[in-house]
Amino acid sequence: VFRKIILGEQREIKLAYELAEIIKNYSKKSHIKILDYGSGFEPKIARLIKSELLNKQIKCDIHCLDLYNINDLENLNNSSNIEFFHISHLVNSSEFYDFAIISDTLHHVGVENTEVIKTILLKIKNVTEILIIKDHFEYSIFSRWVLMFMDFIGNYYNNVNIPKKYFTKNSFDELLVELNLNINEKFLDKRHYSKIFMYLSNPKLHFIYVIS
């Protein structure tokens with residue numbers, strides 16, 4: 001309730017618009033397939049992206065993957081025009097996607113768990129043409145605390161672990177170099193919250209990478 005009163009859905013709306021714009025600029029087709037990895041139990045962004053793309057005359061099929069149990073999958077798939085799968089679906093599936101999105105997920109894996117993150121990134125890049133990663137950069141202890149607070153407000157109700165550390169620009173870029181992934185574009189100045197939140201809305205804390 002506190003989160004909804006304070007933030008509403010402004011973050012989801014802005015982020016979905018930005019991601020849909022990126023997809024539109026890179027899309028070569030009028031009907032595409034999207035993978036949303038770590039989409040959560042209230043995948044508002046996926047639904048908003050689908051709507052935004054439809055407004056841009058692009059139809060899309062979206063597969064959302066997360067740690068869903070059988071009941072979760074039954075409830076989600078019975079009430080949506082998006083398909084939901086357990087995260088293990090990626091291992092056995094022969095699907096190939098035009099775009100894959102990993103939005104504010106990798107830091108919950110633990111930025112120090114580099115081998116796990118490398119495995120995830122390679123696995124997803126192998127099944128998609130374009131990979132879009134949205135996450136956070138920290139610059140100091142203060143910025144880390146700010147991000148932890150934001151994560152607490154955004155995820156506590158979902159019982160998601162709150163990270164103790166976030167990526168730095170150098171650590172994330174080095175990770176991608178080690179994986180030999182090509183960075184098409186970096187978006188480092190996107191504001192996802194109103195300026196009234198002052199440092200919480202600092203665009204430097206957020207990044208979007210487009211990878212091919």
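Among contacts in the protein chain between residues at least 6 apart in sequence, what percentage join residues at least 24 apart? The figure is 73%. The model discussed here is a predicted one. Its protein chain has 212 residues, and 50% of them count as buried. The secondary structure consists of 9 helices and 7 strands.

Two packed helices are described by the angle between their axes and the distance between the axes. The axes of helix 2 and helix 3 (residues 44–55) come within 8 Å and cross at roughly 50°. Helix 2 is therefore oblique to helix 3, and the crossing is right-handed. On the side of helix 2, the contact is made by Arg-11, Glu-12, Ile-13, Leu-15, Ala-16, Tyr-17, Leu-19, Ala-20, Ile-23 and Lys-24. Helix 3 contributes Lys-44, Ile-45, Leu-48, Ile-49, Glu-52 and Leu-53. Sorted by class, the contact of helix 2 with helix 3 has 11 nonpolar residues, 5 charged residues and no polar ones.

Ile-22 also belongs to helix 2, which covers residues 10–26. Is Ile-22 buried or exposed? Ile-22 counts as buried because its relative accessibility is 6%, and the cut-off for buried is under 20%. Apart from neighbours within four places in sequence, Ile-22 is in contact with Ile-132, Phe-187, Ile-208 and Val-210. Ile-132 is 110 residues away from Ile-22 along the chain, yet the C-alpha atoms of the two are separated by 8.7 Å.

A second pair of helices can be read in the same way. Helix 7 (residues 114–125) and helix 9 (residues 169–178) have axes that come within 11 Å and cross at roughly 55°. This angle makes helix 7 oblique to helix 9. Helix 7 passes helix 9 in a right-handed crossing. Thr-114, Ile-117, Lys-118 and Leu-121 of helix 7 make the contact with Leu-175, Leu-176 and Glu-178 of helix 9. The residues of this contact between helix 7 and helix 9 divide into 4 nonpolar, 1 polar and 2 charged.

The strands come next. Ile-133 is placed in strand 5 (residues 128–136). Its relative accessible area is 0%, so Ile-133 is buried. Which residues does Ile-133 touch, not counting residues up to four places away in sequence? They are Ile-102, Leu-106, Leu-121, Phe-172, Phe-207, Ile-208, Tyr-209 and Ile-211. Ile-102 lies 31 residues from Ile-133 along the chain, and their C-alpha atoms are separated by 4.9 Å.

Ser-103 sits in strand 4, made up of residues 97–103. With a relative accessible area of 14%, Ser-103 is buried. Setting aside residues up to four places away in sequence, Ser-103 touches Leu-15, Tyr-37, Ile-45 and Lys-134. Leu-15 and Ile-45 also take part in the contact of helix 2 with helix 3.

The cysteines remain. A disulfide is a covalent bond between the sulfur atoms of two cysteines. How many disulfides does a search of the whole structure find? The search finds 0. Cys-60 is buried, since its relative accessible area is 4%. Cys-64 counts as buried too, because its relative accessibility is 0%.

Note on methods:
Residues numbered from 1 in each chain as written. Predicted model: local features only at pLDDT ≥ 70, side-chain atom pairs only at ≥ 80, totals over all residues. Heavy atoms only, no water. Disulfide = S-S within 2.5 Å. Buried < 20%, exposed > 50% of the residue type's maximum accessible area, 1.4 Å probe, protein only. Axes fitted to C-alpha atoms, helices over the stretch in contact; angles between N-to-C directions. Helix = DSSP H or I, 4+ residues; strand = E, 2+ residues; numbered from the N terminus. Parallel < 35°, antiparallel > 145°, perpendicular 65-115°, else oblique. Left-handed = near helix turned anticlockwise from the far one by under 90°. Contact = heavy atoms within 4.5 Å. Nonpolar A, V, L, I, M, F, W, Y, C, P; charged D, E, K, R; others polar.
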